[in-house]
Amino acid sequence: MVQFLLRADDLGYSEAVNYGIARTVEKGLIGSVGVMPNMPDAQHGLDLLKGMDVCLGQHTNICIGRPCADPSAVRSLLDEDGNLKSSRLYREAWKKGECFTVLEEMVLEIEAQYQRFVELTGREPAYFEGHAVLSRHLIEGLRIVAERHNLKFNHMFPGDETGDFGGTPVAACEMKSMEPDYNPAQALKEAVAKARTDMPNIFVCHPGYLDEYLLNHSSLTVNRTKEVTMLCDPEIKKWLLEQNVQLIRYDDI
């Protein structure tokens, strides 16, 4: 049997994203949701999920919005306006083999987001990982804070075929949502065809609807709406059952 974990990232990014994620939990296949603790709409997203049976994780965000930590203590993470530096700057630095952040400051922000997650949810994150950034200091910082609080860090580096979740090997499905002709159903079926049978397979989704904030701050837009439709399609659920795919959550691993 193939074990498949369908994860939705970015709860809190915007209200429209929250509505899309909530629909995929209530009406669809999503069982694990990553919360962006620093975002103003995180509470809105959690309110939408109240009463739903869902596994919540920390989707640590260091590239959009304001920090949770004291801005004066994390200056290397911020731009001139006091916002977290963009993912584009991280990508450019990564290509040059550079790291412009200070590790100690990265740890402070990750810790502050962890504390905010606990404040918002009243619980520990069921999983612990990072949002959309290639950064050596982010990976190191996540590991440090995870060890400090005995959290299960899901380390899946972009491009790797396998990762690790709290010491358990996991397979990382290829993410194609940034492709302009993205077909979520086809991507899911291809991932199932390539799935490992010796470890859980993690398929990362970004379901959501569109609003002005998202359109002005994210390069991933229309494809989010495509994922909402796919994840709520009863034919997809039926197909997964026919393929003997067992849907799991992080707290099942």
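Trainee: How much space lies in the second largest pocket?
Mentor: Rolling a probe the size of a water molecule over the atoms shows where empty space is left. Here, the second largest pocket holds about 170 Å³. A pocket is an open set of points on a 1 Å grid over the protein atoms alone, where a 1.4 Å probe fits, with protein on both sides within 12 Å along at least five of seven lines. This is a predicted model: local features need pLDDT of at least 70, side-chain atom pairs count only at pLDDT 80 or more, and totals for chains, interfaces and linings use all residues. Residues are numbered from 1 along each chain as its sequence is written, and side-chain values use heavy atoms, leaving out hydrogens and water.

Trainee: Which residues line the second largest pocket?
Mentor: Among them are Gln-43, Leu-46, Met-52, Leu-120 and Arg-123. The largest share, 3 residues, comes from α2. By type, the lining has 6 nonpolar, 3 polar and 2 charged residues.

Trainee: At what angle do α6 and α9 pack?
Mentor: Two packed helices are described by the angle between their axes and the distance between the axes. For α6 (residues 184–193) and α9 (residues 234–242), that's about 10°, with the axes 12 Å apart. They're therefore roughly parallel to each other (angles under 35 degrees count as that). In the contact (heavy atoms within 4.5 Å), Ala-185, Leu-188, Lys-189 and Val-192 of α6 meet Ile-236, Trp-239 and Leu-240 of α9. Those residues divide into 6 nonpolar, no polar and 1 charged.

How values were computed
On a 1 Å grid over the protein atoms alone, a cavity is a set of points where a 1.4 Å probe fits but cannot get out, and a pocket is an open set with protein on both sides within 12 Å along at least five of seven lines; lining residues have an atom within 4 Å of a point. Grid points are joined across faces, edges and corners, and a volume is the space filled by probe spheres set on the points. Helices (H or I, at least four residues) and strands (E, at least two) are DSSP runs, numbered from the N terminus. Ala, Val, Leu, Ile, Met, Phe, Trp, Tyr, Cys and Pro count as nonpolar, Asp, Glu, Lys and Arg as charged, and the others, Gly among them, as polar. Axes are lines fitted to C-alpha atoms, for helices over the stretch in contact, and angles run from 0 to 180 degrees between N-to-C directions. Angles under 35 degrees count as roughly parallel, over 145 as roughly antiparallel, 65 to 115 as roughly perpendicular and the rest as oblique.
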